[in-house]
Amino acid sequence: MREENRPNPSPKKGSVTTKRWFWPTIYASFSILLVGLVWGYSAYTNSDTNNATNLASKGETGTSVETNAKAESMKYPFQQDLLDEVAIVQDFYDVEADEKTREGALLVFNQTFTTSNGISLSVDGKPFEVLSVMSGNVEEVKMDPFIGNEIVIAHPNGTTTKYSSLGDIKVKKGDKVSQGQVLGKTIENEWNPTAGNHLYFEVLEEGVNVNPKKLLAF
């Protein structure tokens, strides 16, 4: 008889494959292996996603970018050691203030009265350096010797500050300034000659003038 026509030998009695538990065990083992592969792939893809998220929160060099910068507290627009010498020669006009304070907050020019939207600060009529009260961006620099040159700075917290009656200006529009940076020096102006050499300082919150004295302890 030729080789290919020989009948396949039957499994020997007692062979492992004839046991009832053999094939169920094989199927169970295969299922466990399949579940393990699926779980491993899922863990791998999740790890890649987390890594991508972490990298997205970093700069190109891998350094984390700080998104919540510490909020600054407003400081004086002059050197701290001048505090005892600084005088408010004209107040902010507050309709709720007493009569004397309101009168002192009126600016007079050519017999015309104008209310003061800020405070005028003087150091015995001498020039002094004017500092930025907080970090921010210079929005405008107005050169007008009649009313006093003015610098307008916008700050990250939404506040805007104005510094008028300045000379020797150190910044220009578009500059980023840090808290305490020198902006210029005080001068006299024709608009408010009675104040002498002084700084006219204004603070605006959401576009509305507020009394700087409520933000700074004078």
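Biologist: Does Phe78 count as buried or exposed, and at what relative accessibility?

Modeller: Keep in mind that this is a predicted model. Buried means under 20% relative accessible area. Phe78 counts as buried, because its relative accessibility is 2%.

Biologist: Thanks! Which arrangement do the rings of Tyr76 and Phe78 have?

Modeller: A search of the whole structure finds two aromatic pairs. In the pair of Tyr76 and Phe78, the ring centres are 5.1 Å apart and the planes meet at 20 degrees. Planes under 30 degrees apart count as stacked, so the pair of Tyr76 and Phe78 is stacked.

Biologist: And what is the arrangement of Tyr163 and Phe201?

Modeller: These two residues, Tyr163 and Phe201, are both buried. Their rings lie 5.4 Å centre to centre, with 45 degrees between the planes. That makes the aromatic pair of Tyr163 and Phe201 tilted.

Biologist: How many residues apart are Tyr163 and Phe201 in the chain?

Modeller: Tyr163 sits in strand E8, while Phe201 sits in strand E11. Their pair links distant parts of the chain, and the separation is 38 residues.

How values were computed:
Residues numbered from 1 in each chain as written. Predicted model: local features only at pLDDT ≥ 70, side-chain atom pairs only at ≥ 80, totals over all residues. Heavy atoms only, no water. Phe/Tyr/Trp six-rings, centres within 6.5 Å; stacked < 30°, edge-to-face > 60°. Buried < 20%, exposed > 50% of the residue type's maximum accessible area, 1.4 Å probe, protein only. Helix = DSSP H or I, 4+ residues; strand = E, 2+ residues; numbered from the N terminus.
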